[in-house]
Amino acid sequence: MKEEQALRKEAEQIIQTVEAAGPFRQQFHLVPPAGLMNDPNGLVQWQGVYHVFYQWMPFHTGHGSKWWGHAATRDWVHWELLPPALAPVHDFEKNGCYSGSAVAHEGFLYLFYTGNVKDEHGNRTSYQCVAVSSDGVEFEKHGPVIYQPEGYTAHVRDPKVWFESGFWWLVIGAQRLDLEGQVLLYRSPDLWEWEYLGPLAGKGVTLGASFGYMWECPDFFELDGSRVLLISPQGLEAEAYRYQNQYQTGIFAGEFSPETGTFSHGRFREIDLGFEFYAPQTFLDERGRRLLIGWMGVPDQQEQAQPTIADGWVHCLTAPRELTMQNGHLYQQPIEEYRQLRKEHASAVVAVDNEAVVWQSWNAAVAEVYLDVEEDKSWTVSWRRYFHISYDAREQTITFERPDLETGAPVCRTGRVNSARSIRCLFDRSSAEVFVNDGEYVSTSRIFPEQEEGELQFSAEAPAVFHVDAWELQSLQWE
């Protein structure tokens, strides 16, 4: 305990000496107080309070022995930054308290996470651990409850726990000895004794072919009559309209049998068309909504080229989103509570003919922008002369373009869409989240424009009319 207290004090001292600000500091997204943030962890609503834990390196802006940072809110606008929940001080977690989940049971909050251990030669061992709290702030660690399964490498991590059909269940990402990714399934009567039921999905179980060498951050839930396995696979080869980032995130949808522990599903579908989206986690809140938060980053993808490193911090989380399943397709929409952030409003009808048109009456750089296009035509919308959204009506594709973070050359992410009738954008100081057709398609990206004002420019191949509504957004309020 003394070692952990000393480590926490050291982290607090570093935070106090780092001015984690700068022109790209996010206003309504969760960012680290200092250092590096990655996966959201332990998303839960407990006793009326939403808890958001996250992977955190407090000492520098690179990866290393991760902590669990912690923030909480009742309304998604007013927040409290709480003490870190987990710090890597015990032998079973000395090289990092890796990602995991949270559940409430009999008045206590349980955190399940992966304890990462490496020896002097870099050989890894993974333990699935539990920590328990009676107040949601201070957690007592109880050590490992699941050890290394046979037939797998030490890349076994990111436990997600839920209750169903009289049992507690757990899925975890894994890598077979032949370097194939899978998700493993466990069951428990009491959260302490876990029975291994075998692989739930992956090559040799529900897939006949290789599909990545590691499946990270699995989530498994029911949504509007479908069973959804949300995963972040590593090692998929890029295609023209798919798998364009270093690592991907998507879903398998199908049916789950708790009696047999089997999952039958269809094809894999990516759920984001942007540059930075990875390791999302969902949870069911007290209103019955399935909510999602993701990491607005991708491992090993130009992380150290982000300009916020000069200001002592890097990465952030996405805006919270409500999920629905419609006709077999996953929809994502910003939660309705974010409407509380709206301030000044402006609207216009913008007609575009032969030349690009700049909307002169708008300049707020932190904004929500809603666009409706009267006809299904090819068009481009540009934000702050940096981020460009283009729809090709002939090819039925939508493209998101920004400068490469290292070279400055234009780079794109392109996906196939049925149409692009409406566009809703959440623009923060250094991010763009785009929701097409009420969340049928989504794009999440970090942006770092030099222009301070929120210039919005429209162009089209043929005469087109845009109906525009925009709101300036206020910052989250921190206690």
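**Entry 1: the four-stranded sheet.** I began with an open sheet of four strands, ordered β9-β10-β11-β12 with antiparallel pairing. Because β9 (152-164) and β12 (195-202) each have a single partner strand and stand at the edges, one side of each is left without a neighbour in the sheet. From one strand to the next, the twist averages 25 degrees. I noted that axes are lines fitted to C-alpha atoms, with angles running from 0 to 180 degrees between N-to-C directions.

**Entry 2: basis of the reading.** The model is predicted, so I kept in mind that local features need pLDDT of at least 70, side-chain atom pairs count only at pLDDT 80 or more, and totals for chains, interfaces and linings use all residues. Residues are numbered from 1 along each chain as its sequence is written, and side-chain values use heavy atoms, with hydrogens and water left out. Strands are DSSP runs (E, at least two residues), numbered from the N terminus; two of them pair if DSSP finds at least two bridges between them.

**Entry 3: β11 and β12.** I looked up strand β11 (residues 181-188) and found antiparallel pairing with β12 over six bridges. L185 stands opposite G198 in β12.

Entry 4: I then turned to strand β30 (residues 422-428), where seven of seven residues are buried (under 20% relative accessible area, 1.4 Å probe, protein chains only). One side carries S422, R424, L426 and D428, and the other I423, C425 and F427, all buried. Strand β25 (residues 367-373) pairs with β30 in the antiparallel sense over six bridges, and A367 has F427 as its bridge partner in β30. Strand β31 (residues 431-436) also pairs with β30 in the antiparallel sense, over six bridges; there, the bridge partner of R424 is F435. I recorded a hairpin of two residues joining β30 to β31.

Technical notes: Buried means under 20% relative accessible area, exposed over 50%, partly exposed in between (1.4 Å probe, protein chains only).
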